[in-house]
Amino acid sequence: MNLITKLLFLGLSFTPAATFFTWDGAVAWSLLNGITLSFDLTPLSAFFMLLLAIGAPLIAVPMLREKSDESAYALYALLLLGMQLLLLAGDFIGFFIGWEMMTWSSYLLLLRSPRTDLEGAQSYILFNLVSAFLLLAGMLFLYSITDDFRIQAVDGLLTADKLVLFVLFGLAFLIKVGALPLHLWVPRSYDQAPDLFSAFLSALMSKMGIYGLMILPLLFPDGFNEISGQIFNGPVAGYVLAWIGIITATIATFKAISQEDMKRLLAYSSIAQVGYIVTALGVGSSLAIGGALFQALVHTLVKLLLFITIAGIILQTGHRRFIDLGQLISRMPISFFGVLIGIIGLAGMPPLPGFAAKYLMYVGLIEAHWLLLLAAMILASTASFVYCYKLIYGPFLGHANSPEAKTATEAPWQYLIPQIILMGMLVALGIFPGWAIDVLIDPVLIGLNMTPIGTPAWNVLATSYGGYDGVAVMGVFATVFVLITVLFLLVRGNMHRAASPYDLSFCGEVPTADTPLHYGAGMGRELRRVPLIGWILRHTTTGFYAGLTRQTQAAAGMIGTLYGSNPQTWLLLAVLIFAVTLTIQSVTGA
Amino acid sequence: MTLHFTPVWFIAVPLLLAFLAPLWVRWRLLMPVLFSAQVALFALALSWIPAVRIAPILETIVIAPPLGIHLHLDAIALLLVALFSFAGAIITAFIWLDNGAAHLRERPAFILILLLIAGSNGMVLTGDIFNLYVFIEIVGVSAYALAAIRRDKTALEAGLKYLIVGSVAAIFILFAIVLLYLQTGQLNIAALAQAFSNMPAQMQLLIGLLMLIGLGIKAELFPFNFWVPDIYRGSDPEITALYSGVLVKAFLFVLFHLTFILLADPTVARNWLMALGAITMIVAELVALRQNDLRRMLAYSSLGQVGLITLALAFASEATTAGALFHMINHTFIKVLLFLLAALMLRQYASLKLTDVHGLSRTMPLAAGLFVLGALAVLGLPPLSGFISKLWILKGFSDVQTFWPVALILTAALIEAGYYFRWIRAFYAAPTDAASMAKMEGEKVLNYAPLLVIAGVLIVLGVAPFLLEDWLQQAAQALLGREALLNAVLGVQP
Amino acid sequence: MAHYIIDAFAMIGMSYIMGFLFYGFYRQFNARVQRRWGPSVFQNFFDNMKFLFKTETIIHGPMFFFGPMIIFAGAVTTVLFVPYLKDSNWLQGFSHSGNLILIIYLLVVGPLGNALAVGSSGNPFGVMGVTRGLTRLMGLEVPFLLGLALVMVQHETASVHAIMAAQTDFAHWNLMTNPIAFIVMILPFMASQHASPFDVVGAPVEVYAGPRVEFSGRLLGVLMTQNMMMTVAKLVLIADLFLGGATTIWALIAKTFALFLLTAAVSTSFPRLRTEQTVDFFWKIPLGLGVIGVIATVWFPWS
Amino acid sequence: MYHNEHCEGFQCEQQQLEAALAQSGNELGALDRLMAWFRQRSLFVLAYGTGCGAIEMRPLMTSRFDAERFGIIGAATPRQADVLVISGYLAIKTLKRVIRSYEQMQAPKYVIGLGSCTINGGMYWDSYNTIKQLDHYIPVDMYVNGCMPRPEALIEGFVALQQRIAAGTPSGFERYRANIDWYKANQRRVLGDNMPPDYTYDWYHAGGVA
């Protein structure tokens, strides 16, 4: 029974893949008079469906390790169904249905973690519902103008109407991607969600916001050229969006550096990475959109890998804070490589595909001459090295800081299989960036009526600004690495391993097990001394939202006093209202 | 021989069965009869659909209107009657299958429930305003008695309070009816409608206000609904489900039926009623934020939904009306579901305070799951039917580019989410008192059968709302179609 | 293929030789400024050889060993992706398979590999040094890349070859045509070479807590070697981008030496900054200049 | 010595001293000679001032005496250092750190004892908490006597050490390996149980005793 449920669940997790490969032709479902849901797979939605198709089974596999939990499986299936509906939808109603199913089913999955507290749960659902309701308001507004719910280009709108629509839709999707200052729910929920579900949230659900943002240019093909002209070398809407994205990325990066918990760090890093995508979308040229798609792909793979690996670590050690871990490199080597490949992808270092994505986005920004944005993006991506390093140093390097970390063993195979698959995908993509361009990204660009990026060969990433050869980079690096290692080992001389982990040059002192040798928690703390970073880290939006909640509660309490339990008062009030209204009416009406 | 089905049956059958109660007690058939009566009424209502679709049915009791009493079965009345009997059947089945609440399975409750149903059906069907008053009183009296039927301190207090408030409301209504009769000499609603515009404006206003306050108290609109939480909290949840699912809907119908038919131009009252609805909605949702008792929270949520329905009905466009009627149906289902769930939870938990129900999903997973479903539906989240009705309403507003109700409705839904999800989170949180958890008994699926039926309906209507679409649109037309109704009742008038 | 291999070894050898000579010169220069004799110009070669011939080397786990290998491989890859000569078949390496942005990122591969090794050593002082290094990197990369981006915008390409080819004579050197970019870039460039006053990260003699606290013997030798090669690669890159590249080896040495002299002069003249002062400095002065440069060259296209 | 034609003052000193460096051990093989030559050209001194003699290291390293011209330069950590200079008296408390630092240095490594205190305790000959003969605890390659020795004397000491390295003379660290039991016993006598941990000379346990 247990096994059958699990197999069924695994089968369910392949539904996005099945949809992706077998979908042909459009499907329509008439909901009400005038509201017909239409579903079809466009190139754009196919791209995101592919992400889902990759991610869903990879998260399902480690989920099978726990004892079978039918309701979680059912919710997961609903979530997948909702996301597929959302991607397939050809009209806003279908989009909204998918969007909402995704929201509430993910909320219920979030609740399954014992760590979810009231603030986390409430901020998750309320922010997402605000996003949904803004979307609903936007589509109703659009409907009131065009009398149509279909997702299609709208032209001839008044600028004011367009602005309203843009703000409504933009806010809705920006909440979903966790752009600042609307990000409050992201770190809380990614942190508190069940460990594997965090991977889903970060890798796949944040991409739905990106998908939404990518629909916007479909709706408004001419952008906001009539407002801005060409002052900023591009539409002002894109410029604003790009700045929102990059400010999000920068601030979230610094926040990530100051985190002391692995999952919170990854949550902020997700915000930051998705911020890059938003920036690239703001640029809007075909190179930048290609970069955004590439980054979406890489971020999905990387965050799947990292969250699954970290879930494995938490499973094996029971710890999630950097100060409680350490030295797992020898005990969990495969997980170590998982995180290593993950952070190389996250940091956008060559030769992994994160670099290809960064490269396209940089070139997009340079091509658009948006150099200040470029500078900010460089700042964010360089600063991300610090948290990437923290992420690998904290759990794996240094000294073990808790009894569990000293005795942990490698994660179970259900966790390792997805890790290995994802590592393979990342390395392959890094060597063949042109393949991703050619097979995955160009069809989408063509579908969006943009010039495809094109590639002369699968191992080359080529742009008008020059390109690079993935095989050459990887080949040279690997050859030199092997050569130097061999050479080094051939040179005579005694190389020996330290007999004790405490054999450290420690100013002549002798560190012991009680000496605090792990630097995981303190890392990045000194960054506060840099004035700008200190200023950023001192300010949060938590206070604002807490205040908002408090004020609403206070208002509710005040109005609530009206509802006394005394019948005389009720009647008195009714009669009084009757009398007053009558008097006023007869005085004014007569 | 073929039985002659007439709309009278909707009133007569429950009354008759109620009077024969001693017989059922002797034969130990109380609950089967109660249940099958409702089911029969529901079947009867469904069998009328083809006929009503062609033209409204007019059933004259003694002599033809405007002098005589008549029942008027049009699409909307049929819709509501079907809804009432369905809700009644569900609640009855629940009481029958449930092993708690013995006092609800005895003769008094049997009689009172049937009377309540009969009265509600009568209110919806009747074409005569005094008759309407009589039904209001029948419903009222049975409701007061039902509130107190548990006969403990809180129930009795609730019953008494309800009696006071309800009577005052009835006085307001009666006063309005008297004034109407004095002014026109008519009691038939259609005839009154014709004469109403000839009355002096002052008198129109006075009657309107009296009606509004009287029905406003009954239909739980804002400045007159302060009684609701206390009564809902005091009486049994099964009974509360009847109030929220049946009674309020009947009164809402009466309010709008009278508004639309008496006023030649309903836009006069539109802004007033819309404002009333909007305020009801926002205030109730806000207050619900701070409620720590499940039943009080549900009561406020019920008020909020009533406000929403009022807002949409008052707008008096066909789309919003149809949407509002759909929402009425959904709300009945949802609130029946939620209140019955509260009844089930009360069996296990001494109190339904927010802090006491932590970890409820461990012991009552099905109840928690159904609560989630109900909450999602009431919030209007797809793919449940609440979404469709809300969408219909919102679409109706957007059709004519009126956006302030859209903004208000969405805001209210957001606030509503704020407290519903607080409860859901509590249900799924770690239990505060693990020891008492352990000794709770498991769930019996049989208890849940009626609730599962509702859940199924909510899902089916959410995925395939077109099943009800025609009917709802006809009902909306019937509610708004003043001319058609006057013609149907009074024939071709000079 | 043989051409590539010979070329690659030539580039590596040339970088190494130029590297230790330049550093030897730097020590001489420094000594003369401090009114002392200073060591031989080959002193860095001696030091390097001494470390490579140490009979004992301690390691702390496999990652500790592979870190220096990664950093070395990163350095050599960087060297091979920077074109050393203009209009020549020689000393090109694999530069046709790469571009400026790739090179900029390759420059960072090494430090990150090193950071892994340092972390693996388990010495908290080393990790402190790494954090300082990454912080400084964060500070310097922004103006450095902004300066280079200004050049890329100017030439509308990220290819080093194309940028070199566009600088036909002295008047067309980017130093002349885009002086703001040069000024923006040059101070971060010095910092990226670990030159004083930005060298608090791993000051070799005085500061105990640096990234290299645990490295000894041959591993230290490897680190030293790659550092010298990397310095040359960076110098060549800047010469390519701003000084018009070089057609002969002598021109290349002259131009890189001029750049190195500038660095050395600045290093000997200024006292050391703390890490956060470094970052703050880079985000105020060079970045401020960079913003002015952007406004002048992009927003107002008259220049 | 300070009055030559082609040089003047302490400039001559360098030439004379460097002249001596050119001749090195004939008994070594070519590669070993080369290695030895590189080693003696590049000595990294651990910056560890144990006693008052450390004050003499500063002028040695800075402009006045400029030890860098001999390839002698400071190193921050024992991992990078080749030479450990014991600058004067050595309290027992310091001895433990010195031993640990010495054992953490990577071979080949050398020790220079600076001042009389390292030879016989000097003015601390009857102190209860300083050691009297450094050579009993760690192997000393070169003594520079005096109290204090001038930087010139130190330079002479370094140069003499360089000559010994170039000549391939067996140096202290090999002695230490060979006689580790004796050294450890001596150390234990003064340090008692407060010994530095034994993993720093793990070659001893691994059977790598020379």
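Q: Which of the four pairs of chains in contact share the most contacts?
A: Of the four pairs of chains in contact, chains A and C share the most contacts. Please note at the outset that this is a predicted model.

Q: How should I read the contact between chain C and chain A, and how many residues does each chain give?
A: A contact between chains may be read as two sides, each with its own residues and elements. In this case 68 residues of chain C meet 61 residues of chain A. On the side of chain C, the elements that supply two or more residues are β1 (56–59), α3 (62–81), α4 (100–121), α5 (124–155), α9 (217–242) and α11 (275–299). The largest share, 17 residues, comes from α5(C).

Q: What classes of residue make up the side of chain C that touches chain A?
A: This side divides into 44 nonpolar, 17 polar and seven charged residues.

Q: In which sense do strand β5 of chain A and β1(C) pair?
A: Strand pairing is read from its sense and its bridges. Strand β5 (residues 494–497) of chain A pairs with β1(C) in the parallel sense, over four bridges. At the residue level, Asn494(A) has Glu56(C) as its bridge partner in β1(C).

Q: What is the secondary structure of chain C, read along the sequence?
A: Chain C has eleven helices and one strand. Along the sequence the pattern is α-α-β-α-α-α-α-α-α-α-α-α.

Q: How many residues of helix α2 of chain C are buried?
A: Burial is read residue by residue, with 20 or more other C-beta atoms within 10 Å as the cut-off for a buried residue. Helix α2 (residues 43–52) of chain C is mostly covered, with ten of its ten residues buried. The buried residues of α2(C) include Phe45(C), Phe46(C), Met49(C), Phe51(C) and Leu52(C), and also Asp47(C) and Lys50(C).

Q: What covers the buried residues of α2(C)?
A: The cover includes α1 (2–33) and α9 of chain C, together with α2 (30–41) of chain D.

Q: How far from chain B do chain C and chain D lie?
A: Where chains do not touch, the closest C-alpha atoms give the separation. No contact joins chain B and chain C, and their closest C-alpha atoms lie 39 Å apart. Chain B and chain D do not touch either, with nearest C-alpha atoms 49 Å apart.

Q: What are the secondary structure and the overall dimensions of chain B?
A: Chain B comes to 22 helices and two strands. The C-alpha trace of chain B spans about 75 × 60 × 40 Å along its principal axes. Because chain B has 494 residues, a compact globule would have a radius of gyration near 23 Å, and the 22 Å of chain B agrees. Of these 494 residues, 62% count as buried.

Q: Into which domains is chain B divided, and how do they meet?
A: Chain B is divided into domain 1 (1–264) and domain 2 (269–463). Their centres, taken over C-alpha atoms, are separated by 23 Å. The contact takes 33 residues from domain 1 of chain B and 37 residues from domain 2 of chain B. On the side of domain 1, the elements that give two or more residues are α4 (75–97), α10 (228–234) and α11 (237–262) of chain B. Of these, α11(B) gives the most, with twelve residues.

Terms used:
Residues numbered from 1 in each chain as written. Chains lettered and ligands numbered in written order. Predicted model: local features only at pLDDT ≥ 70, side-chain atom pairs only at ≥ 80, totals over all residues. Contact = placed C-beta atoms within 7 Å. Nonpolar A, V, L, I, M, F, W, Y, C, P; charged D, E, K, R; others polar. Pairing = 2+ DSSP bridges. Domains from an automatic or database assignment. Buried ≥ 20, exposed ≤ 12 C-beta atoms within 10 Å, placed from the backbone. Rg over C-alpha atoms; globule rule 2.2 N^0.38 Å.
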